[in-house]
Amino acid sequence: FDSMYPSIRKHLHKNFGIFSMARRRDNLLLWAHYAKSHTGFCVGIKKSSLNAIAFVQLFAVDYSNKFPSRPMFLKEKEQTKYLLKIVTTKSKHWKYEREYRLVNMINPNTAFKLPDDFISEITLGLSMTDQAKEEIKTIRNAKFPKAKLYETLIDTRQFVLKFKEIK
């Protein structure tokens with residue numbers, strides 16, 4: 001497996017399109033890791049619209065201490081199942097993310113037209129610049145007027161984020 005892993009990884013990158021999402025927007029570490037230390041923004045997705053995307057399947061990520069095991073001989077159908085297991089398994093260290101992945105195995109390098117109501121909300125990061133906030137508001141008003149807009153606030157009593165809707 002060690003000698004085959006580089007070619008398996010290359011195969012996965014070429015043949016699987018992956019879109020990662022977290023279940024919640026209030027995770028401090030996710031903001032620090034994926035939103036450039038709270039200067040970015042979070043996009044809330046309407047869960048029912050995920051089903052409208054053709055050729056894509058939704059998977060909860062499995063968190064483990066080990067890589068998925070592979071039987072010695074696999075039939076073609078089992079190979080796809082094994083490869084899916086690889087792209088939906090992460091180290092237990094990342095369990096706090098509570099991640100879901102949309103996986104595209106048919107057209108991995110294809111952009112999809114998403115429904116207009118795909119984005120249900122946008123949350124502005126705690127440390128976003130005023131200029132960046134105005135840019136996001138302008139885009140939201142033009143492209144996603146039904147999406148709710150939130151600002152992030154810090155709770156001064158505990159280590160949690162609060163969110164206030166911007167009308």
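The model you are looking at is predicted, so local features need pLDDT of at least 70 and side-chain atom pairs count only at pLDDT 80 or more, while totals for chains, interfaces and linings use all residues. Residues are numbered from 1 along each chain as its sequence is written, and side-chain values use heavy atoms, with hydrogens and water left out.

Five bridges join E3 to E6, and these two strands run antiparallel. They belong to an open sheet of three strands in the order E1-E6-E3, with antiparallel pairing. The edges are strand E1 (17-22) and strand E3 (56-60), each of which pairs on one side only; two strands pair if DSSP finds at least two bridges between them. On average, neighbouring strands of this sheet are turned by 20° against each other, direction ignored. For such angles, axes are lines fitted to C-alpha atoms, for helices over the stretch in contact, and angles run from 0 to 180 degrees between N-to-C directions.

Now find Val103 in E6 (residues 99-104). Is Val103 buried or exposed? Val103 is buried, with a relative accessible area of 0%. Buried means under 20% relative accessible area, exposed over 50%, and partly exposed in between (1.4 Å probe, protein chains only). Leaving aside neighbours within four places in sequence, Val103 has contacts that include Phe16, Val56, Phe59 and Leu84, where contact means heavy atoms within 4.5 Å. Val56 is 47 residues from Val103 along the chain, yet their C-alpha atoms are separated by 5.4 Å.

Next, turn to helix H5 (residues 130-143). Its buried residues are Lys133, Ile136 and Arg140. They cover an arc of only 65° around the axis, so they sit on the same side of H5; the arc is that of the directions from the helix axis to the C-beta atoms. The face turned away from this buried side carries the exposed residues Gln131, Thr138 and Ala142. The buried residues pack against strand E2 (41-45), strand E7 (119-124) and strand E8 (148-154).

Ile122 touches Ile136 and Arg140, among others. It is also one of the residues with the most contacts inside the largest nonpolar core, which has 13 residues. Such a core is a set of buried Ala, Val, Leu, Ile, Met, Phe, Trp, Tyr and Cys residues joined through side-chain atoms within 4.5 Å.

Methods. Helices (H or I, at least four residues) and strands (E, at least two) are DSSP runs, numbered from the N terminus.
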